[in-house]
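Let's walk through this one together, question by question. Have the fold open while you read.

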Amino acid sequence: METQSLKEIAWEADYRSSSVKDNGEPVDILHDFYIPALERSVKYDRVAGYFRSTSLAAASQGFTSFLKNDGHMRLIVGADMALEDVAAILEGNSQRLSDKLMQELDDEDAWTDEVKNGVALLSEMVAKGRLEVKVGFRINSNTGKPLFLDDNEDGYVHEKWFIMTDAEGNSISCSGSLNESKTALTINAENIHVTCAWDGPKFQKTVETAKKDFEAFWANKNPHMKVYTLPEAVKKKLVRLKNLRNKPTEIDGTVINIKPKLSNEELLQFAVLKDAPKMANGIYVGMYSAPVEAWPHQEVVARRLVETFPYSYMMCDEVGLGKTIEAALAMRSLILSGRAKRVLVIAPAGLTEQWHRELADKALLPFARSWNHYGADAGIVSEWIYPYARDCKHDNLYAESLNVVSSGLAQRPERRPQLNAAGNFDIVLLDEAHYARRSNPAKGTSGMAQYNRLYKLLSENVRKHTKALWMATATPMQLDAVEAYDLLRLAGRSGPFMEDSSLCMGYFELLYNITKGEDLTQQQWSFMGQSFVQIEMLDHYLWDFLNATVIDGRNKNVLKDMPFKQPKRIDVKNLKKPLFSASPLARVMQRHTRSLLELYSAKGKLKSNLAKRKIRPIAAIKFTDEEADFYASLEEYCIELRNQMLRYNKEAKDALAFLLNFLQLRFASSLYAIQKTLERRLSKVRNTLLLGARTFETEDELREAIEALKDIKDDDGYDESDFSDITLDVLLKSRTKGDLEWEANKLEKMLGKLNNITGTPSKISRLLEEIEIRKDGERVKQLVIFTRFYDSLYSIRRYLSIKEPRLRVGVYSGSKVCYYDGEKGKDVETSRDHVKRLFRAGEIDILLCTDAAAEGLNLQSADFLINFDLGWNPMKIEQRIGRIDRIGQKFPKIEVLNMCYLDSAEEIVYGRLLRRLTEAN
């Protein structure tokens, strides 16, 4: 292809983003300068700011044209590191250099579309061997000590500049304020000065000086900078990042189709690669050709999912260990090999976009995301983002072969017939599978299971229409072990155990007795032995696995004879591993813990950072006199209400327990939360006195109504505040006028006491103290604050805005998502995705979350999390902590602070809860 000349265009001396052209249009530096200049260039040398995503994206401007010319670029970037890191690198610590640069390329999910476009475009150049990158560190030219890049203590000023040269040898040099903001990439926010060598001797000398200076930089001969070649691991990471986009795309979204020049040999290679997954031994090609590299434990899980397909599994790695990647890699291998054609992902509504994006970015899979569109043209909308953006409408939620839908929408009664009519799936993945559960788990195996709608959807519909069911949850047990059994039952691979929960629990009781050295009867040993030897007939893959890993000469014959012969005491120690590995749960559950990853890390097999977790002592907040007086009134009210209720309505015992527990949770959360609850109850009591209120005839009706709210909360914004309203109704049944007047009077007095508390609540005061400690000038070192209730979140936000109006605060809840916009001077509502990106890009310092954010949200940029309240479920707390305690956490240590009131019932419960959490970790 004939290359054009730079001299063909009359370049402006300056291009400023704030300028206006003669025709009245604003200057567009990308299209007015970069694209036409690089379209005519074959060589491009650039000295940029820092090695970070935004700088790399900015450096990519015009590359779509440069690629067409087979141009070659050399790029020198600075490194934004702590001086102790720079010192270590200068002393020869090459691993430190690689690790720090890799961190700058982490968390691409948080990048804006513009940054993803630019980094992918630049990475395309690296992959094609047309871009070389070196990293420079600022040093004092006199002493050699490391300096920050912008430091000028020895008189040197680090500038950003570049040189472009065409095929005829014509060159231009440019300098100025290049578009390389640390936290954002604002298109066209740039001012550059252009010098053309052909404009005269003076200009030619300027350009030649720039060339000479660059060559000195590149050869590591500049006394003010120490330059290193880009580490191979970082280069490989950049090559993988080209898959962020499926075709070269400028930062503003401009796409220029570039027809690749392929040799016959390359065409043959691509043809083989296309068909390789379907060839002998090619089933794992999809997994290893993905743009993301699996961690060791993820590779184990993904390979097992592929190797044993169509087995069903519980995917139960601890929070933050990457279950999404495991599933995505396995899906990619199975889809490319043709073994799976129809795949359905069911996830909570707040996670469907994340799944959609991850499957596109990490596995290059063209999944649709389908949802219900309301209005005049109501129907199901299916949207694709890969390989290109498009959408269409359907009547059936399950019409698409590769599909992501919300669990709230899927479980609605009117959608279930659509699943039956849509045809069978090869794989159905349920994310956050612990939501498929019974509503009465506390009764364990002794109670009749009352399953919620999501569980019924799986057991009555999904299992009949899929080959494999993958259930992903870090917390398969929330309140009782029977919940894990319920998921095991759905997997359908545990033989007799899935028919009887007590049989399953009995196995684990006997296994526990064996590990404690207790004797078993002949009948009990026979039971254990029969369950083991049956595996050979029920599960050939597991049987081969057991023979390869835990069955050996010491236990093989003993295991074989165990159904008929009690083992000798000396042999029992060799039976523990095989009996555990063959347990009903081990057959279907894949689970990796942080302790295993710590072992990987110690052996150098885990490249990403694994932070140490520190749970600080409980921040027990002392009541003020006014708060203590109110708490005493609340306790008195609860006792008297219980007596009153059981006197008039003994059938309401369960509902009463629900309400009293709810009141405790609300008070333990915040004074504002309990205030709003008491106000709502007072309104109900008054309405009942005037008009009567809805009642439930049976407790089953009450449970059904509460369960209905829980089932749809993901899609319709309900939260636990709404559950109390239903409970209030049943507790107003059969009350006398005098009794209701008594309660109204009590509520009014308690609300009066709350209104008399004029100062900052003690719990809020302690929170503000913690935030003050983390202040750094006008900013605050990033932290995440969790609360169970939106009312408490609202109260925290209100006090923060009073104390520090310009704090960079974000809100992430089921009811509202917003962030503080400094230019507008107020909170601005936005999408969940946008708030996540802002936080991970460092634009938000404090993120306030309800439990709506406790699943599927990655916040590795923060090292501190505060639980403003805890609730009673330790698994919920673990979900919260998992938002920052994840592989790839940027800090070596993370801290967690839990808050509660001193001398309250909650302090006792929280103490027990945190002991359980400490033991678990």
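Contact here means heavy atoms within 4.5 Å. One thing to keep in mind throughout: this is a predicted model.

Q: Which helices do the buried residues of helix 18 pack against?
A: Start with the residues that count as buried, meaning under 20% relative accessible area. In helix 18 these are S501, C504, M505, Y507, L510, L511 and I514. The partners they pack against are helix 17 (482–491), helix 19 (522–533), helix 23 (569–572) and helix 24 (576–581).

Q: How far apart are the end C-alpha atoms of helix 18?
A: Helix 18 covers residues 501–515, which is 15 residues. The expected span takes 1.5 Å times one less than the number of residues, so helix 18 should span 21 Å. The model agrees with that, with the end C-alpha atoms 22 Å apart.

Q: Which residues have the most contacts inside the largest nonpolar core?
A: As a general point, nonpolar side chains tend to be buried together in soluble globular proteins. In this chain the largest nonpolar core has 57 residues. Leaving aside neighbours within four places in sequence, M528 is in contact with Y507, L510, L511, I514, L520, M562 and L579. The residues with the most contacts inside that core are M528 and L579.

Q: How many residues are in the second, separate core?
A: This core includes V77, V86, M164 and C196. Its count is 56 residues.

Q: How much of the chain is buried?
A: The chain has 921 residues, and its secondary structure comes to 36 helices and 28 strands. Its accessible surface is about 40,500 Å², with 49% of that belonging to carbon and sulfur atoms. As for residues that are buried, they make up 54%.

Q: How many residues apart in sequence are the parts tied together by E8 and R40?
A: The side chains of E8 and R40 meet in a salt bridge, 3.5 Å from N to O. E8 sits in the segment before strand 1 (14–16), while R40 is in the loop between helix 1 (29–39) and strand 2 (43–50). R40 counts as buried, at 10% relative accessibility. The parts tied together are apart by 32 residues.

Q: Is R240 buried or partly exposed?
A: R240 and E293 form a salt bridge through their side chains (3.6 Å, N to O). The pair links distant parts of the chain, with R240 in helix 8 (residues 232–241) and E293 in the loop between helix 10 (285–288) and helix 11 (296–307). The cut-off for buried is under 20%, and R240 has a relative accessible area of 22%, so R240 is partly exposed.

Q: Which helices does the salt bridge between R686 and E748 tie together?
A: The closest N and O atoms of R686 and E748 are 2.7 Å apart. R686 is partly exposed at 40%, and E748 counts as partly exposed at 38%. The two residues are 62 residues apart in sequence, and the pair ties together helix 28 and helix 31.

Q: Which residues make the nonpolar surface patch of about 380 Å²?
A: One member, L267, is found in helix 9 (residues 264–275). L267 is partly exposed, with a relative accessible area of 45%. The patch is made by L262, L267, F270 and L273.

Note on methods
Residues numbered from 1 in each chain as written. Predicted model: local features only at pLDDT ≥ 70, side-chain atom pairs only at ≥ 80, totals over all residues. Heavy atoms only, no water. Patch = residues over 30% accessible without salt bridge, like charges linked within 9 Å, V, L, I, M, F, W, Y side chains within 5 Å. Areas by Shrake-Rupley, 256 points an atom, 1.4 Å probe, with all protein chains shown as cover. Salt bridge = Lys/Arg side-chain N within 4 Å of Asp/Glu carboxyl O. Helix = DSSP H or I, 4+ residues; strand = E, 2+ residues; numbered from the N terminus. Buried < 20%, exposed > 50% of the residue type's maximum accessible area, 1.4 Å probe, protein only. Core = buried A, V, L, I, M, F, W, Y, C linked by side-chain atoms within 4.5 Å.
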